[in-house]
Structures are given as structure tokens and as C-alpha cells.
Amino acid sequence: MFDKIEAVVRRFETLTERLADPSLYDRAAEMRQINQERASIEPLVIKFREYKKLVADIEGNKELLQTEKDEDMRAMAKEELSELEKLLPAVEHELKILLLPKDPADDKNVMLEIRAGAGGDEASIFVGEVWRMYRQYASSRGWRVEVQSISEGDKGIKEVIGTISGDKVYSRLKYESGVHRVQRVPETEAQGRVHTSTITVAIMPEADEVTDVELNMNDVRVDVYRSSGAGGQSVNTTDSAVRLTHIPTGFVIAMQDERSQLKNKEKAFKILRAKLYDMQVQKQQAEISATRKGLVGTGDRSERIRTYNFPQGRVSDHRINLTLYNIDAIMNGDLDSVIEPLIAHNQAILLQGEGDL
């Protein structure tokens, strides 16, 4: 275990030395790659140094207790030793977490897709509220949100697709994919009965078009047509709308939000690449989950993962039997109270298969 960490430390030092080479600034791609690798292992290096210092301080205080004759010094050493030994288990646990295998998609930005399911207008209204919830959460973490496509209904949003960019976005949001169920009394319900509606959320890691997805253009049919609905002067006057059909998978991406056909095509291909990359990720997750029973996983888009019960002020995540009574805070973007237990659950399952320090 420690040999593995020492190897990572040596690699970190090598990368640091390479960054000090002035000629590297002439090779932007190489410098970016080195910076990314160094940043990915730096938390482990910092924590290992903290661990080694803590162990050394513990040993130093033990030695002082054996050799020191002054009672006041011994009392101080004993008190400090007790405090240091209390810190050690937490640091060891953090070190184990940092040693767990990394999801290669964790550092990626995401494509977020939210669709209304069962429940008519009430489902569309909830799509808008959940879209706002994710935007608020993104804002709290300093992430950037950009709408790619939105389809509005009479009383809400039928479907919205957006990108969320920032630091380790996928690592935080990847467990949000699935069916989200809402239970409440609709405004149109005269007798006060609670109705149940559903929406689907898909969190897809954004694909790097060069390295992540090999897209054969012969597999894609591109159709252009005139956009429809309320809009600018280009509506119904130019063939600005684009529809992509990926023949092997049957994915159909239609885009008409932009006035420019080129921009609509770029957006459509961006979504298609994310969907194809997401298929790869789902397959990998399914294989991992098959060997690690109890992992939350991110693959099953049809799984009912969460219920938002407004009359009871309750949010329940069914995968880990988590129930929280802070629905207002969650709907306002306080998603960490749900996300942190999901991450901790998966880490606990993974740690079961790892050795001790």
C-alpha cells in the first residue's frame, strides 16, 4: 500500500519538476496534460504528507514519554499524544478514500437532460422546478450552466437539455440519473387529493470529440428543415433547424433553438456525442456494479430513484433508504444533503474490497 503511495509521490515530484521547465510553455497541449495529471494526484500527496507527519509526531511523543524526566513535560506530551491519536483514524480513512480507483469521467462537465413523464401538466411544472434546483446547486458551487435546448408546454417545461461546466461536475451529479417522483396537491385539484407525477433526469458526461467517442459520419443522417413556433425572423423562412439520426442506436437529436443552421448542428452533435459516451459509461458502470453489489451505479435510467413528497416536506432516496425532511432547502439547490450520503455509500462499498493501511 505504502509502496503504491510513494510511487505516486515520486510521480508528483517529477511532474512538478517538468512544470518548472520554461520550454514547456511552447507546448501547450503537453503542459495542460501535465497540469491535469498533477492536479489529480495532488490531494493524495498532500494527505500522505499529513499522515506521515502525524505518525512522526505520535512516535516523537511516545519517545518523549519514555525518556523525559520532567513531569510537566511528560504531562504535555501525554496530552498531545492523546489528541494526535484521535486524529489518526480520520486521516487514515481519508487516505483510503483517495486511494480508491477513480472514475475516469469524474472530472468532466455534464450534459443534463430533464423530461416530463407521467402526470401531464404537473410533470411539466416539476421539470421546471427541478431544472431550477440544479441551476441553484450549480451556482452554489461556482459552476456555469448553459441551455442547449428547451421545449416549453402550456404550464411548464416538457424537456430541457443543458450543459453544466466546472470543477468535477460529473463526480457530484452522476447519481442523479433516473426517475424522480413528485407527490403533492396540484393547483387544479379542487378536492385536495395528492397526485403522483414523474420526470426523468439523465446526467451524461460531456464527451471529448477527439478521444472519447469515435463517431462514424456514415452512421449519422442529417436532415435540415424550417424551424417552427414563436421566434425571430428566421422562423419558417430558412432551413435552420437540424435533425440528426444515429442509425446504429436510433438516437434522434432535433435542434432549432438557434437561428443559424451551423450552430444548431454543432449543438446537436454535442448532445449526440454525450449520449454515445454515456452509453459507454453506463455499460462500464453495469459491469462494476455486477461485481460490487450495493453500489448505487449510474446506469439504469428507468429506475425510480427519488420521491419528493411536498405535503410531508419529505425527500426520500430509495437506493440507500435515505429520508430527509428539508424539501424546501433541497428544491432551492441544497443538494449536498442528498449527494454526500450517496457518495459515502459508494465509497463504503468500494472500501470493503480494499486492504487496510
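Helices and strands here are DSSP runs, H or I of at least four residues for helices and E of at least two for strands, numbered from the N terminus. E7 covers residues 241–246 and E8 residues 251–255, and the two pair in the antiparallel sense over five bridges. Pairing requires that DSSP finds at least two bridges between two strands. Within this pair, Arg-243 has Ala-254 of E8 as its bridge partner.

Before going on, the provenance. This is a predicted model, where local features need pLDDT of at least 70 and side-chain atom pairs count only at pLDDT 80 or more, while totals for chains, interfaces and linings use all residues. Residues are numbered from 1 along each chain as its sequence is written, and side-chain values use heavy atoms, with hydrogens and water left out.

On confidence, pLDDT is the predictor's confidence in each residue, from 0 to 100. The protein chain has a mean of 86, and 89% of its residues reach 70 or more. Confidence is lowest in helix H6, residues 261–291, at a mean of 78, and highest in helix H7, residues 327–331, at 97.

Now the chain overall. It contains eight helices and eleven strands. Of its 357 residues, 40% are buried, meaning under 20% relative accessible area with a 1.4 Å probe, protein chains only. Taking contacts as heavy atoms within 4.5 Å, 61% of those between residues at least 6 apart in sequence join residues at least 24 apart.

Next, strand E4, residues 178–184. How many of its residues are buried? Seven of seven. E4 pairs with two strands that I'll go through here. With E5, residues 195–205, the sense is antiparallel, over seven bridges, and Gly-178 has Val-201 as its bridge partner in E5. With E9, residues 304–309, the sense is parallel, over five bridges, and Val-182 is partnered by Tyr-308.

Last, helix H4, residues 121–140. Its 20 residues reach 29 Å from first C-alpha to last, close to the 28 Å expected at 1.5 Å a residue; the expected span is 1.5 Å times one less than the number of residues. The buried residues of H4 include Phe-126, Val-127, Val-130, Trp-131, Tyr-134 and Ala-138. As background, an α-helix has 3.6 residues a turn, so residues three or four places apart point the same way. After H4 comes Gly-142, with a positive phi near 75°.

Definitions and conventions
Buried < 20%, exposed > 50% of the residue type's maximum accessible area, 1.4 Å probe, protein only.
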